[in-house]
Protein chains: 2
Amino acid sequence: MIQTMQQLSTIEDVRVQIQAARRQGKTIGFVPTMGFLHEGHLSLVKAAREKCDLVVMSIFVNPLQFGPNEDFERYPRDIERDSRMASEAGVDLLFTPTVEEMYPKPILTTVSVANVTTPLCGASRPGHFDGVSTVVLKLFSIVQPDYAFFGQKDAQQVAVVTQMVKDLSVPVEVVPCPIVREADGLAMSSRNVYLSAEERSQALILSQSLQQAAEWLAEGKPLAEIKERIEQMIAAKPLADIDYIQILGYPDLEPIEKETSGQDIIVALAVRFGKTRLIDNLIASVR
Amino acid sequence: MIQTMQQLSTIEDVRVQIQAARRQGKTIGFVPTMGFLHEGHLSLVKAAREKCDLVVMSIFVNPLQFGPNEDFERYPRDIERDSRMASEAGVDLLFTPTVEEMYPKPILTTVSVANVTTPLCGASRPGHFDGVSTVVLKLFSIVQPDYAFFGQKDAQQVAVVTQMVKDLSVPVEVVPCPIVREADGLAMSSRNVYLSAEERSQALILSQSLQQAAEWLAEGKPLAEIKERIEQMIAAKPLADIDYIQILGYPDLEPIEKETSGQDIIVALAVRFGKTRLIDNLIASVR
C-alpha cells in the first residue's frame, strides 16, 4: 500500500492543510502523542482511520506536563521510526512541532481543570494535568478535529480532557480507546524501554493484580478488601515502590462513599520500578 | 432596511447556524457583550459588519467574572431593547444563552493568563480575568469566529484575550476598537446608568484628566509627573474614590523601568463614584 503521509512541523502549515480538508467536507480524526510509538498509539490511529476521513497525529514531548525532576530530557524519542510507523498505520498528516514552534515565548496561559485532577497522578505530579489540558487545547485549536482519540491507560487524562471539552464547549468528541498490552500483560508505554529485565519482570504484577481485582470484583468482594489485597501483591515485589493504589468512582474520580451495585469504578495504580514510574488501571462496575 | 436577525439561546442552535455559514464560505465576525448595549457596542458591530459576512453578537452577563461583592445581580439588563438595537445595527445572529445553558453544572475548567492580569483591574478584582478568559474561550469555541471585536475601554481585557489567543493558537483575530465617548467625554459603559447626576458630572474628570495627560505626553513631561498631576485632578473631586491610577507599558502592562521615546504606554484609571466603579484609559507613545 502506497502511503502519502505529510509530515509538517509548523502550525501555519497544518492550518493550511486542515482548512483544505475542511473545505472538502472531510471529517478530521486526531491522535495527540508524545511519540516513541507503540501498538497502543497505533490502535488509536486504527480507531481514527475507521471513523474519520483525515487522520492527524501529533508528536510533541510537551515540557509543560513534566515536573522539574521528571524525565522530560531523557523521554525516549525516535522521530524517524515514529514517522515510518505512523505512515504505515495510515496517518495522513503527522505534526511534529519543536518546543520553539509551540511555545515561541514562555506561555502565559494555563488551562486548569479542578476536581478530576486532584487525586492519583494529579496528587503525585503537581502541575502535570495543567500542562496536559493546556497543550491539548492548543493542539485542538490548531488541528480542529471532529474526533480526538486517547488511550485509557491514561484514564485520568481522558477524564480531564473530557471535562475540559465539555466545560469549554470545544467542538470535538473525545474517544477513549482500550489499553493495549504486551503478550505478557504489561500495559504498553513509551517508558517501558527504561525498565531493566528484572524490573520489567516484576512490573508484570501491575496487570496481574488488576486481573485479580477484576475477578474479585466479579465475586462481589468489598472494594476496601480488594485494594488491600492488591497492595499486598504489589508490595511483595522487592523492586516495587508504590506511588498510589486507589479505587475511585469513574469518570468523576471521586472517593466512593458507599458501594452501589452497577457503579462504575477505576482501580488505578502507579508504581515505581527503579527510576521508572508505571501506571495501569482497570475500569469496571461494582457487582 | 429589513433585518432578519436570528436570536438563539442554545449552544446547539448556534453551532448549526455557524456550520451552515462556514459551508457557504462566509467569514464570521463576533462581538461578545454583556448587553445593555450602547454606542460603544454598536461601533464593534459596525467594524464587524465592514469586515465579515456574518456578524454574531453574544449577550451574556457572565457570573464567573464578577466577584462575590460585585454587581452581578444588579448589572443592568434589557434584552428586548438590546435585541432591537442589535438588529438595527446589523447583527445577523444574536446569542443570548442563560447561565444554565453556559454552565449547566459548575464549570471545573479555568483559563488563566499570567502577567498581563497582575496589575490594574487584575489586582482590584481577583479572579475577574480568569472569568473573562474562560468565558471568551468558551464563546470562541461555540461561535468559531474569524474575527472578534473588543472595545479598548477594557484595554486590559483586550491584552488578556490577545495573549490567550496567541498562547493557545486560537484561530481568531482579535480586533481592538477605539473607546466611544458621550458628547461630554464620558466613556460609554453599561454601568453609567448607575450614576447619580452629581456623580456623573464629577466623573467627567476621568476623560478630562486623560485629555490633559495626552497633552502633557505630547509636551514630553515625565510619566511620574503626569501620573501625579492626574491623581491631583481626580482627587480634587469630592465624590471620587480612586482605585488605581497607573501608567504602564502597552500591551505588556509591565512597569516602565525607563522611559524610551516611541514606547507605547497606557494611562489607566479606575475610580469609584458612589457605588459605581468606572474605568477609562489612554493609549499613547512616549515622546
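This is a predicted model: local features need pLDDT of at least 70, side-chain atom pairs count only at pLDDT 80 or more; totals for chains, interfaces and linings use all residues.
1. Axes are lines fitted to C-alpha atoms, for helices over the stretch in contact, and the angles between their N-to-C directions run from 0 to 180 degrees.

2. The axes of α8(A) and α9(A) come within 10 Å, and they cross at roughly 155°. That angle makes α8(A) roughly antiparallel to α9(A), because angles over 145 degrees count as roughly antiparallel. As for handedness, α8(A) and α9(A) form a right-handed crossing.

3. Which residues of α8(A) meet α9(A)? On the α8(A) side they are Ile205(A), Leu206(A), Gln208(A), Ser209(A), Gln212(A), Ala213(A), Trp216(A) and Leu217(A), and on the α9(A) side their partners are Leu223(A), Ile226(A), Arg229(A), Ile230(A), Met233(A) and Ile234(A).

4. The loop between α8 (197-219) and α9 (223-235) of chain A holds Lys221(A). Is Lys221(A) buried or exposed? Its relative accessibility is 19%, and Lys221(A) therefore counts as buried, since the cut-off for buried is under 20%. Leaving aside residues up to four places away in sequence, Lys221(A) touches Trp216(A), Ile226(A) and Arg229(A); Trp216(A) is also among the α8(A) residues that meet α9(A), while Ile226(A) and Arg229(A) are among those on the α9(A) side.

5. In chain B, the axes of helix α8 (residues 197-219) and helix α9 (residues 223-235) come within 10 Å and cross at roughly 155°. The helices α8(B) and α9(B) are therefore roughly antiparallel to each other, and α8(B) passes α9(B) in a right-handed crossing. Among the residues that meet here are Trp216(B) and Leu217(B) in α8(B), and Leu223(B) and Ile226(B) in α9(B).

6. Where does Gln65(A) lie? Gln65(A) is found in the loop between β3 (54-59) and α3 (79-89) of chain A, and with a relative accessibility of 9% Gln65(A) counts as buried.

7. The surroundings of Gln65(A) can be described in two steps. Not counting residues up to four places away in sequence, Gln65(A) touches Met34(A), Glu70(A), Arg125(A), His128(A), Gly131(A), Val132(A) and Val135(A). The side chain of Gln65(A) also makes a polar contact of 2.9 Å with the side chain of Asn62(A).

Key:
Residues are numbered from 1 along each chain as its sequence is written. Chains are lettered from A and ligands numbered from 1 in the order in which they are written. Side-chain values use heavy atoms; hydrogens and water are left out. Helices (H or I, at least four residues) and strands (E, at least two) are DSSP runs, numbered from the N terminus. Buried means under 20% relative accessible area, exposed over 50%, partly exposed in between (1.4 Å probe, protein chains only). Contact means heavy atoms within 4.5 Å. A polar contact is a pair of N or O atoms within 3.5 Å; within protein, one must be able to donate a hydrogen and the other to accept it, and residues adjacent in sequence count only if both atoms are side-chain atoms. Angles under 35 degrees count as roughly parallel, over 145 as roughly antiparallel, 65 to 115 as roughly perpendicular and the rest as oblique. A crossing is left-handed if the near helix is turned anticlockwise from the far one by less than a right angle, and right-handed if clockwise.
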